[in-house]
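User: I would like to learn how to read a structure, one feature at a time. Please give the general idea and then the case at hand.

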There are 2 protein chains.
Amino acid sequence: MTEKDDFSLQDFLPFLLNRAAEDASLAFQAHYKNRYGMLRNEWRVLFHLGVFGQMTAKEIGLRAKIHKTKISRAVAKLAERRFVSRSRDEKDRRAEHLQLTPAGEAAYRDLRAEAESYDAQLAARFDPQEVALLRRMLRKLASIEEPVSSAPERD
Amino acid sequence: MTEKDDFSLQDFLPFLLNRAAEDASLAFQAHYKNRYGMLRNEWRVLFHLGVFGQMTAKEIGLRAKIHKTKISRAVAKLAERRFVSRSRDEKDRRAEHLQLTPAGEAAYRDLRAEAESYDAQLAARFDPQEVALLRRMLRKLASIEEPVSSAPERD
DNA sequence: AATTAATAGTTGTTTTTGTAACTAACAAGG
DNA sequence: CCTTGTTAGTTACAAAAACAACTATTAATT
């Protein structure tokens, strides 16, 4: 029993990250699921379109690291519910430009507000500079580049 | 476009946590999957039994916050592969005591070593005190109580 | 004791996911 | 052009997860 008790399951970063992610997502997940019948990937796609405006499935995939299959299905659902409209690119007729409909925008705004307040709630459990460090570390672990301080570049 | 661009998807803690968790788990996940054909829940059950010794499905569920259904199926697989043995509690014949077999112990030791080195690899990307803070914050987010400094209490 | 409730664990059924194969459109080399 | 290769996106099938209903056993209530 006294082999190597200094490293337990609960120190293991992937385990901790998964557990924390599950717990932290629970309430918000319930919100977009109950309110809009959305799955995680649908919410993510919606959010990307809300933040970045019109873009293709490919671009969303690159930004969010979501596989094209998932995006395809998420977009299909969102389009079915009239949250997203699609239009073929006339230069390259393989590509499809995706864009939120007014209903999609409304859902985005609602979910975004919810996300912000939920995020604030989580953050409030720690010191501000601790939270800043946490975000920075998580970004690094997720290979997300640091946001350039002010201007968010358009694409 | 200039509504509220100060809060992006990539600042949202649940999103960041999920992304970081996915990325951080990837390599390790591949390891136990390829090497032992294990799923995430199977690995978690194995690890709990390895760390805490004999326990019931119920107890694992409480510690790991895994639903009994998942544990039941994970245990079934592990038992099938002779990593876990089961024995009825004679006082309460509903309960089943689970325990690693020698093969299970061997797998546990291998995976644990792998976990430790993988954890170290992740941790090496940051300052030690940053990592300590990260673990503390993740534990708090996951509602895992801090380990009491020295003696890990037996059950 | 007999009835009802609660608990440990399992099983069945429906959703979701993951992987890979597919279609359609474009691009490049000969 | 015409074969070969790439890319955007979809679809089909198999694996896995979620949720609810179920069995067996124990506990509680009358």
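Analyst: B:Ser143 is in the segment after helix H6 (128–141) of chain B. Its phi is positive, about 55°, although B:Ser143 is not a glycine. In chain A, A:Ser143 follows helix H6 (128–141), and its phi is positive, about 55°, without being a glycine.

User: Before we go on, how are things numbered, and what limits apply to the values?

Analyst: Residues are numbered from 1 along each chain as its sequence is written, while chains are lettered from A and ligands numbered from 1 in the order in which they are written. This is a predicted model, where local features need pLDDT of at least 70, side-chain atom pairs count only at pLDDT 80 or more, and totals for chains, interfaces and linings use all residues; side-chain values use heavy atoms, with hydrogens and water left out.

User: How many helices and strands does chain A have, and in what order do the elements run?

Analyst: Chain A has 6 helices and 3 strands. From the N terminus, the order is α-α-β-α-α-β-β-α-α. The C-alpha trace of chain A spans about 65 × 35 × 30 Å along its principal axes.

User: Is A:Ser143 buried, partly exposed or exposed?

Analyst: Buried means under 20% relative accessible area, exposed over 50%, and partly exposed in between (1.4 Å probe, protein chains only). A:Ser143 has a relative accessible area of 49%, so it is partly exposed. For the chain as a whole, 48% of the 155 residues of chain A count as buried.

User: Which residues are in contact with B:Leu13, leaving aside its neighbours within four places in sequence?

Analyst: Contact means heavy atoms within 4.5 Å. B:Leu13 lies in helix H1 of chain B and is buried because its relative accessibility is 2%. Apart from neighbours within four places in sequence, B:Leu13 is in contact with A:Asp119, A:Leu122, A:Ala123, A:Leu134, A:Arg135 and A:Leu138.

User: What about B:Gln10: where is it placed, and what is it in contact with?

Analyst: B:Gln10 is in the segment before H1 of chain B. At 17% relative accessibility, B:Gln10 counts as buried. With neighbours within four places set aside, its contacts are A:Arg63, A:Arg139, A:Ile144, B:Phe15 and B:Leu16.

User: Which residues does B:Glu42 touch, again leaving aside neighbours within four places in sequence?

Analyst: B:Glu42 sits in helix H2 (residues 40–52) of chain B and is buried, with a relative accessible area of 3%. Beyond the neighbours within four places, B:Glu42 is in contact with B:Gly37, B:Ala74, B:Lys77, B:Leu78 and B:Arg81.

User: How many aromatic pairs does the structure hold?

Analyst: Rings of Phe, Tyr and Trp (its six-membered ring) pair if their centres lie within 6.5 Å; planes under 30 degrees apart count as stacked, over 60 as edge-to-face and the rest as tilted. Over all chains, the structure holds 18 aromatic pairs. One of them joins B:Phe28 and B:Tyr32, whose ring centres are 5.3 Å apart and whose planes stand at 75°, so the pair is edge-to-face. Both residues lie in helix H1 (residues 13–36) of chain B, 4 residues apart, about one turn of the helix. B:Phe28 is buried at 4% relative accessibility, and B:Tyr32 is buried at 3%. Ring pairs link A:Phe12, B:Phe28, B:Tyr32, B:Trp43, B:Phe47, B:Tyr108 and B:Tyr118 into a cluster.

User: Over which ring does the charged end of A:Arg63 sit?

Analyst: A charge sits over a ring if NZ of Lys or CZ of Arg is within 6 Å of the ring centre and within 35 degrees of the ring normal. The charged end of A:Arg63 sits over the ring of A:Phe52, 4.0 Å from its centre. In chain B, B:Arg63 lies over the face of B:Phe52, 4.0 Å from the ring centre.

Notes. Helices (H or I, at least four residues) and strands (E, at least two) are DSSP runs, numbered from the N terminus.
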